[in-house]
Amino acid sequence: MIKTNKISDCVVFSKTKESFGGFSNMSPEFPITVGSLEFPTSEHFYQSMKYVDHPTVQREIFGEKNPMLMKNKQKKYKSLIRSDWEEVKGIIMDSTIHLKLVCNWIKFGNLLLESGNKTIVELSKRDPYWGMILVKGSDTTLEGENQLGEILMNLRSKLWINETRSELRSWNPEPNLRLSFGGWDLNIVKVDQRFLEVGERSFHYLMDKHLPPSSTLGLAA
């Protein structure tokens with residue numbers, strides 16, 4: 001569904017070095033670790049899941065540390081993308097961002113809560129599906145589906161509530177998504193116990209700081 005938003009009502013990001021640039025999947029500040037594998041960015045993880053039937057392609061993606069170069073290089077393998085990709089890509093993105101939080105519990109959790117109750121938007125020049133683009137002739141109004149922003153806001157809303165926050169502390173890949181690397185299924189990832197207490201103190205500080213009403217937390221309908 002196409003939405004419109006005023007930039008002034010949003011937390012907008014387009015480059016990784018901006019204040020909220022960590023929301024970008026290209027950000028090297030939030031690597032993803034699954035077992036002995038450390039993906040340089042969440043974009044590396046997401047793109048790798050396109051090629052679960054082709055471990056050689058996955059390893060090439062994994063080996064290119066620069067996320068933009070990696071994304072461009074994998075385009076030559078378009079014909080090898082898993083056949084169900086269009087059906088599962090949204091769920092896999094959701095899973096990827098959840099994993100990004102689990103692997104960077106305090107830092108990424110803090111970033112989510114620092115966005116308060118504003119709409120989170122990736123400002124794009126040409127992708128109104130994951131992000132939003134400027135309305136033609138305007139420099140203040142955005143339009144698009146904002147799928148990535150919706151995922152981020154849903155995660156943020158769950159951080160605000162004790163019960164759902166505790167559910168976020170582990171990432172357990174759904175078998176039907178076939179999340180694997182190098183021919184091996186990926187296993188459960190949990191937040192390191194050392195970070196839980198510090199995370200709670202930090203999260204509660206930020207929640208007290210922003211304290212938005214429940215109707216504006218980005219809770220899914």
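**Cavity, pocket and cores**

Searching the whole structure turns up 1 cavity of 30 Å³ or more. One caution: this is a predicted model.

The largest cavity holds about 40 Å³ of space. Which residues line the largest cavity? Glu60, Ile61, Glu64, Met70, Lys73, Gln74 and Tyr77. Helix 2 (55-63) and helix 3 each give two or more residues to that lining. By class, the cavity lining splits into 3 nonpolar, 1 polar and 3 charged residues.

Now the open space. The largest pocket has a volume of about 1200 Å³. It is lined by 34 residues, and Met26, Glu43, Lys71, Arg126 and Asp127 are the closest to its centre. Helix 1 (42-48), helix 3 (67-73) and helix 4 (85-103) each supply at least two lining residues. The pocket lining counts 12 nonpolar, 10 polar and 12 charged residues.

On to the packing. The largest nonpolar core has 49 residues. Inside this core, Phe23, Phe45, Trp105, Phe108, Leu152 and Leu186 have the most contacts. Elements giving two or more residues include strand 2 (10-13), strand 3 (32-34), strand 4 (37-39), helix 5 (105-114), helix 6 (147-159) and helix 8 (193-210). Which helix gives the most? Helix 4, with 8 residues.

Take Phe108 as a close-up. Beyond its neighbours within four places in sequence, Phe108 is in contact with Gly22, Phe23, Phe30, Ile97, Lys100, Leu101, Leu152 and Leu155.

There is also a second, separate core of 5 residues, among them Tyr51, Val57, Ile61 and Met70.

How values were computed: Residues numbered from 1 in each chain as written. Predicted model: local features only at pLDDT ≥ 70, side-chain atom pairs only at ≥ 80, totals over all residues. Heavy atoms only, no water. 1 Å grid on protein atoms, 1.4 Å probe; cavity = no way out; pocket = protein on both sides within 12 Å on 5 of 7 lines; lining within 4 Å. Points joined across faces, edges and corners; volume = space filled by probe spheres on them. Helix = DSSP H or I, 4+ residues; strand = E, 2+ residues; numbered from the N terminus. Nonpolar A, V, L, I, M, F, W, Y, C, P; charged D, E, K, R; others polar. Core = buried A, V, L, I, M, F, W, Y, C linked by side-chain atoms within 4.5 Å. Buried < 20%, exposed > 50% of the residue type's maximum accessible area, 1.4 Å probe, protein only. Contact = heavy atoms within 4.5 Å.
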